[in-house]
Amino acid sequence: MLTLPAPASARRTLRPLLLAAAMTAVSTLAAAAEPKEPADILIKGGTIYDGSDAKPYVGDVALRGDQIVYVGKATKLAARRIVNAKGMIVSPGFIDAHTHADSFIRSPDKSVRVNAAWLDQGASTVMIGVDGYGTPDIAADTSKLINAGIGTNIVPFIGFGSIRKRVLGDDARAPNAAELASEKALAAKGMCEGAVGLSTGLFYPPQSFAKTEEVIAVAREVAKRGGLYDTHQRDESSYNIGLLGSVKEVIRIGREADMPIHFAHLKALGVDVQGQAPAVIAEIEAARASGLDVTADQYPWLASGTSVDASLLPGWSVDGGAKALLARLDDAPTQARIRTEMVENMRRRGGPSALLLISPNYPWTGKTLAEIATDWKVDPIETALRIIRQSAEKEAAGGEGGGTGAASFNMAQADVDLFMKQPWMVTSSDGSEGHPRMFATFPEKYVKYVRDRKVIDLQTFIRQSTGRTADIYKLDRRGYLRPGYYADVLVFDPAKYEPRAGYIHPRELSVGVKALFVNGELSVENSQTTGALAGRALLRAKPAGCS
């Protein structure tokens with residue numbers, strides 16, 4: 001049954017009551033009676049972090065079928081198989097709040113659909129359709145994925161960009177009344193088919209061409225049906241309305257659409273805004289204090305994943321798509337204008353040495369834009385334009401562009417640390433091809449920010465990667481180790497759990513997972529995937545307002 005969000009005025013009152021109820025439930029679980037019937041799996045003697053704020057303890061977790069049937073200290077419980085978890089951490093499977101897992105879950109190769117990049121980190125559930133790219137055809141898409149078989153659970157978003165592109169193409173204009181009605185109908189359709197909410201990527205064209213009012217109008221259709229607003233905000237830097245202006249826009253959308261809002265991969269990107277984390281936090285805290293439900297996710301890397309074209313091209317230059325861009329580049333005065341604006345955008349990013357090219361299997365892969373410029377004996381802007389042009393030519397010919405992927409080293413450590421400590425923050429990878437965050441985000445966060453630098457403690461890390469994420473997205477019986485919840489359970493070795501991927505070798509699988517169960521099926525054993533395709537589509541129940 002779907003529970004609609006409480007009115008903003010009630011949410012402040014409900015929070016402490018819900019927390020108290022949750023803590024009471026946790027203490028009751030520890031004393032729960034052992035099941036009389038044997039379990040399928042008994043995970044015995046591990047240190048249990050149940051996904052909540054409850055203190056960890058040494059105990060046991062029992063699974064039967066796809067359910068958790070016991071959490072506590074078992075004395076008589078029999079099981080068909082026992083997993084010795086002594087010295088291990090036992091937690092819910094991690095939930096990745098923001099991913100680009102399409103190359104895995106949509107592969108024709110069954111062995112790829114296992115989704116090892118995430119499973120070997122301990123992640124049992126991933127969000128898809130983020131940054132505005134999710135299809136509104138939720139039922140057909142998720143049915144196809146699950147029928148083919150995938151290794152992780154998926155939680156789908158409707159994408160504002162997909163909706164807008166279907167109605168308006170790549171045009172930089174506002175929709176007329178009929179077109180806006182079509183956009184709203186597509187959003188309603190996706191929600192009625194089980195989407196968790198609406199994602200946007202307002203930094204990226206053609207979404208960037210949308211005015212705030214258009215976004216609000218579409219978001220209201222999602223809000224009516226219980227969804228949240230998840231956004232790669234319009235500006236994480238100083239490209240257009242600025243970081244703080246963009247944060248205020250997101251908050252305005254949430255208020256006027258009357259819905260929870262969630263900032264995807266929250267950051268202060270580029271030299272102009274480094275150090276603005278306290279100001280961003282102040283805006284979010286003020287909105288939360290006023291009753292608006294505001295949360296965020298974050299990845300633990302100092303380099304974002306982007307593309308050369310998204311980083312450097314002015315937005316107006318891509319109005320109309322690849323063919324229009326190529327025509328502008330072929331016009332000398334227009335190209336000169338593009339070059340001038342690219343110089344400023346490169347400065348924002350920290351210069352050509354701060355852009356590492358990461359698209360797999362290109363001659364420039366693994367080199368910075370500065371290094372490629374030296375090799376080619378041209379300036380960095382010309383280098384970038386050559387790379388952009390080859391991609392645009394492929395796209396204009398009817399294929400897929402490529403080769404422009406980049407890791408952009410643009411964040412300050414102090415900002416990353418401060419964001420991570422916030423009580424409304426959760427973990428995401430933003431995992432995309434060529435960036436190590438796809439294969440290594442959760443262990444990177446554990447090793448760098450928990451074990452080595454001690455920015456947060458282990459309990460906060462697990463809470464940010466499990467229960468808090470499940471709460472934000474209202475996932476049914478996920479994110480906690482509790483009887484009656486689905487058996488997404490992780491066992492990892494705190495001494496061996498670590499990343500192996502880096503910027504030069506970004507596709508190395510992480511290590512240290514002793515066992516990961518997805519819906520009760522063993523999906524990882526001793527850092528090796530088992531081949532299980534146990535993932536499910538975690539769709540919302542049909543909300544009110546759907547036929």
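Colleague: How many residues of strand β7 (residues 123–128) are buried?

Modeller: A strand is a DSSP run of E with at least two residues, while a helix is a run of H or I with at least four, and both are numbered from the N terminus. A residue is buried under 20% relative accessible area, exposed over 50% and partly exposed in between, with a 1.4 Å probe and protein chains only. By this rule β7 is mostly covered, and the number of its buried residues is six of six.

Colleague: What pLDDT do local features need in this model?

Modeller: Residues are numbered from 1 along each chain as its sequence is written, and side-chain values use heavy atoms, with hydrogens and water left out. This is a predicted model, in which totals for chains, interfaces and linings use all residues, side-chain atom pairs count only at pLDDT 80 or more, and local features need pLDDT of at least 70.

Colleague: Which residue of β8 stands opposite I128?

Modeller: Strands of a sheet pair through backbone hydrogen bonds, either parallel or antiparallel. Two strands count as paired if DSSP finds at least two bridges between them. On one hand, β7 is joined in parallel by three bridges to strand β6 (residues 94–96), where F94 faces A123. On the other, β7 pairs in the parallel sense with strand β8 (residues 153–156) over four bridges, and opposite I128 stands P156.

Colleague: In the hairpin of β2 and β3, which residue of the turn has a positive phi?

Modeller: Strand β2 (residues 57–64) runs antiparallel to strand β1 (residues 39–48), and seven bridges join the two; K44 stands opposite D60 there. With strand β3 (residues 67–72), β2 again pairs in the antiparallel sense, over five bridges, and L63 has I68 as its bridge partner. The hairpin of β2 and β3 has two residues between the strands, and a positive phi of about 60 degrees belongs to G65.

Colleague: Which strands stand at the edges of the six-stranded sheet?

Modeller: This open sheet has parallel pairing and the order β9-β10-β11-β12-β13-β17. Within the sheet, strand β12 (residues 261–263) and strand β13 (residues 294–298) share three bridges, and F263 stands opposite A296. Two strands have a single partner strand each, so one side of each is left without a neighbour in the sheet: β9 (158–159) and β17 (425–427).

Colleague: Which residue of β16 is the bridge partner of S304?

Modeller: Three strands form an open antiparallel sheet in the order β14-β16-β15. Since β14 (303–307) and β15 (355–357) stand at the edges with a single partner strand each, one side of each is left without a neighbour in the sheet. β14 and strand β16 (residues 405–409) pair over five bridges. In β16, the bridge partner of S304 is S408.

Colleague: Which helix gives the most to the lining of the largest cavity?

Modeller: A cavity is a set of points on a 1 Å grid over the protein atoms alone where a 1.4 Å probe fits but cannot get out, and lining residues have an atom within 4 Å of a point. The search finds four cavities of 30 Å³ or more, and the largest has a volume of about 60 Å³, a volume being the space filled by probe spheres set on the points. Its lining includes Y299, D415 and F419. The helix that gives the most, with three residues (413–420 being the helix's range), is α16.

Colleague: Is C546 buried or exposed?

Modeller: The cut-off for burial has been given above, so the relative accessibility decides the matter. C546 has a value of 17%, and therefore it counts as buried.

Colleague: How far apart in space are T530 and Q67, C-alpha to C-alpha?

Modeller: T530 is found in the segment after β21, and because its relative accessibility is 39%, T530 counts as partly exposed. In sequence T530 and Q67 are 463 residues apart, while in space their C-alpha distance is 20 Å.

Note on methods. On a 1 Å grid over the protein atoms alone, a cavity is a set of points where a 1.4 Å probe fits but cannot get out, and a pocket is an open set with protein on both sides within 12 Å along at least five of seven lines; lining residues have an atom within 4 Å of a point.
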